[in-house]
Amino acid sequence: MALPSSNALTFNAKELSAGQHETQISEAGEINLHKHFKHCTKNPKHENFIPVDTFSLEHLPDDCRDEELYDCVKILADLTVRILVRVTSPNRPDVWPGTNTPYPLHDLRGSNELKTGTGRLWMVSTFTQEQEERRASSITSCPCSKCRHSSNPSKIWGEFYVVTATHVVFDETEAKETSCRLFYNGETCPRVIIDGFDAYFDKALEYDRCWLRCATCDLELVQVVQEKIKSFDTLWEKLQEKFEPSRDEHKLAIVVSHPHGCSKQISVGQWVDKYNVAGDYKESKFTYTTCTCPGSSGAMVYFLGYSGGKYWLHLHFGGLNAELNHSGVGFDVAKNYDNVEEYDLENLSDEAVDDIMNKLLFESD
Ligand SMILES: [Zn+2]
Ligand SMILES: [Zn+2]
């Protein structure tokens, strides 16, 4: 299925399902992921994927060779996680709503085959048993997998939001059987894992956005991630100002993902077309040449000068054809966008952020 002609450059949400999703399926579990990497048919030698530790300023194109951009990509890499889902929900639909296009992995419903994708650490907060908002909820102690099975669960814990595609983590059933590996830059890296326990989803399935909730009682980890998110947001904003005027010339599109569920890789390319969502939400999706493979589904795609701020997320959807990939729907940052203030979360309490989340995700138009 092709996107509409590039003259129109608008699309209907139903056309989101075009192309091939890039979740990696591994019948024999995690151990086989390297075989999938080795026998890849999309990018057989993975030549244009850059391991995080070898990424340098020279990998950025001439017109974007900027120290701050380099730093920002490195932090984006640190915030990128490998997502591993151990079940496939029986609730996945046969087809995308209103189409005949099969929904990803509908044929694996109810199975325990392992699948992998990519996500981004997006927000983290610390909670204690005493906090009123937690006393009022069903979560009154650390919901990490270790504490869930302990008679003495931790009374102070961190909760993360990891943003990924809904076709990677479909519902709460899958969220509870999901884990994220952090700082997986190479095979010898220590295993830093956080466990999924719940998720929020975009109100429209076609928009394909999932906010996976994960927990840990490693408070040092919470602090490390908190600082990285803060640095990323600050740098991102500076770069937005610097590169927005030239965004339609350099067209830089960067993906950090975990191809085949293996260690993290950075890919640098350009976007080709930008399609606005029919209707008027300042939302769009992009096509791009930046390399991705199975396992890249759900990775954040950073369109320099377009992507910015907390909610302006374009996530990798899949391959449209052999040369071209495409994102799901994200918001564009524009200087005159009236609602920017409304969603500026810098100084808001966690409660206020939750309110905005609920408004964005669950209230109908
Ligand atoms: Zn590959
Ligand atoms: Zn715990």
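User: How many Å does helix α6 reach from its first C-alpha to its last?

Analyst: This is a predicted model, in which local features need pLDDT of at least 70, side-chain atom pairs count only at pLDDT 80 or more, and totals for chains, interfaces and linings use all residues. Residues are numbered from 1 along each chain as its sequence is written, while chains are lettered from A and ligands numbered from 1 in the order in which they are written. Helices (H or I, at least four residues) and strands (E, at least two) are DSSP runs, numbered from the N terminus. Helix α6 has 25 residues, 219-243, and the expected span is 1.5 Å times one less than the number of residues; close to that expected 36 Å, α6 reaches 36 Å.

User: Which residues of α6 are buried?

Analyst: A residue is buried if 20 or more other C-beta atoms, placed from the backbone, lie within 10 Å of its own. An α-helix has 3.6 residues a turn, so residues three or four places apart point the same way. In α6 the buried residues are V222, V225, I229, F232, W236, L239 and F243.

User: Which residue stands opposite C214 in β10?

Analyst: Strands pair if DSSP finds at least two bridges between them. β7 and β10 pair in the antiparallel sense over 7 bridges. Opposite C214 stands F160.

Key
Buried ≥ 20, exposed ≤ 12 C-beta atoms within 10 Å, placed from the backbone.
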